[in-house]
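Please read them with the sequence and the coordinates open beside you.

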Amino acid sequence: ARAFVKFNAAEPVRLILVHWLDETVPLTAQAWDPVMERILRVYNDGDFAFADRTRTFPVSFQGAPALKWEGIWQNEKYTIGGPFRAFAFHRGGRSYILIGEVFAPGADKVYVLRQIEALMNTFRVTSP
């Protein structure tokens with residue numbers, strides 16, 4: 001079974017990618033960047049994060065330690081891109097990463113990014 005779920009909404013396009021590992025991955029960019037890179041490439045048809053336009057820093061997510069990314073993603077196959085936010089954190093012996101991407105040409109991206117972050121903040125583990 002794959003440990004991946006993708007939520008997609010249109011107009012403007014908003015994606016939330018959820019991936020989990022049955023281990024405790026350190027909350028560092030060195031540990032998580034390769035995981036995020038693989039998830040974007042494999043499950044979203046070649047997306048990637050611009051390393052020089054992305055920053056990663058520790059935060060609190062739902063009251064617990066987490067790692068957050070704020071940056072820009074792109075897909076050269078479709079010549080599209082936009083802003084993204086991501087969080088890595090631990091719950092019940094598992095490690096999770098939530099990646100929220102926005103593709104909204106001509107739209108107010110700040111508003112759409114706030115929607116994505118609000119949706120990610122509703123994350124709950126419902127079964128072991």
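1. Leaving aside residues up to four places away in sequence, isoleucine 97 touches Leu17, Val18, His19, Trp32, Val35, Met36, Trp69, Phe87 and Ala88. This contact list, like everything that follows, is read from a predicted model.

2. Ile97 is also named, together with Trp32, Met36, Trp69, Phe84 and Ile99, among the residues with the most contacts inside the largest nonpolar core, which has 17 residues. At least two residues of this core are supplied by each of β2, α1, β5 (64–75), β6 (80–91) and β7, and the largest share, 5 residues, comes from α1.

3. Is histidine 19, one of the contacts of isoleucine 97, buried or exposed? Histidine 19, which lies in strand β2, has a relative accessible area of 7% and is therefore buried, the limit being under 20%. A polar atom of its side chain lies 2.7 Å from the backbone oxygen of alanine 3. Not counting residues up to four places away in sequence, histidine 19 touches Ala3, Phe4, Val35, Arg38, Ile39, Ser95, Tyr96 and Ile97.

4. Turning to the pockets, the largest one holds about 220 Å³ of space, and its lining is made up of Val5, Phe7, Val18, Trp20, Arg94, Tyr96, Phe123, Arg124, Val125, Thr126 and Ser127. Strands β1 (4–9), β2 (13–21) and β7 (94–103) each contribute at least two residues to that lining, which by class comprises 7 nonpolar, 2 polar and 2 charged residues. Val18 belongs to this lining and is also touched by isoleucine 97, while Tyr96 of the lining is in the contact list of histidine 19.

5. The second largest pocket, with a volume of about 180 Å³, is lined by Asp33, Met36, Glu37, Leu40, Phe48, Ala49, Phe50, Ala51, Thr54, Thr56 and Trp69.

6. Which residues would I inspect alongside the second largest pocket? Met36 and Trp69 line that pocket, are among the residues with the most contacts inside the largest nonpolar core, and are both touched by isoleucine 97.

Terms used. Residues are numbered from 1 along each chain as its sequence is written. This is a predicted model: local features need pLDDT of at least 70, side-chain atom pairs count only at pLDDT 80 or more; totals for chains, interfaces and linings use all residues. Side-chain values use heavy atoms; hydrogens and water are left out. On a 1 Å grid over the protein atoms alone, a cavity is a set of points where a 1.4 Å probe fits but cannot get out, and a pocket is an open set with protein on both sides within 12 Å along at least five of seven lines; lining residues have an atom within 4 Å of a point. Grid points are joined across faces, edges and corners, and a volume is the space filled by probe spheres set on the points. Helices (H or I, at least four residues) and strands (E, at least two) are DSSP runs, numbered from the N terminus. Ala, Val, Leu, Ile, Met, Phe, Trp, Tyr, Cys and Pro count as nonpolar, Asp, Glu, Lys and Arg as charged, and the others, Gly among them, as polar. Buried means under 20% relative accessible area, exposed over 50%, partly exposed in between (1.4 Å probe, protein chains only). A polar contact is a pair of N or O atoms within 3.5 Å; within protein, one must be able to donate a hydrogen and the other to accept it, and residues adjacent in sequence count only if both atoms are side-chain atoms. Contact means heavy atoms within 4.5 Å. A nonpolar core is a set of buried Ala, Val, Leu, Ile, Met, Phe, Trp, Tyr and Cys residues joined through side-chain atoms within 4.5 Å.
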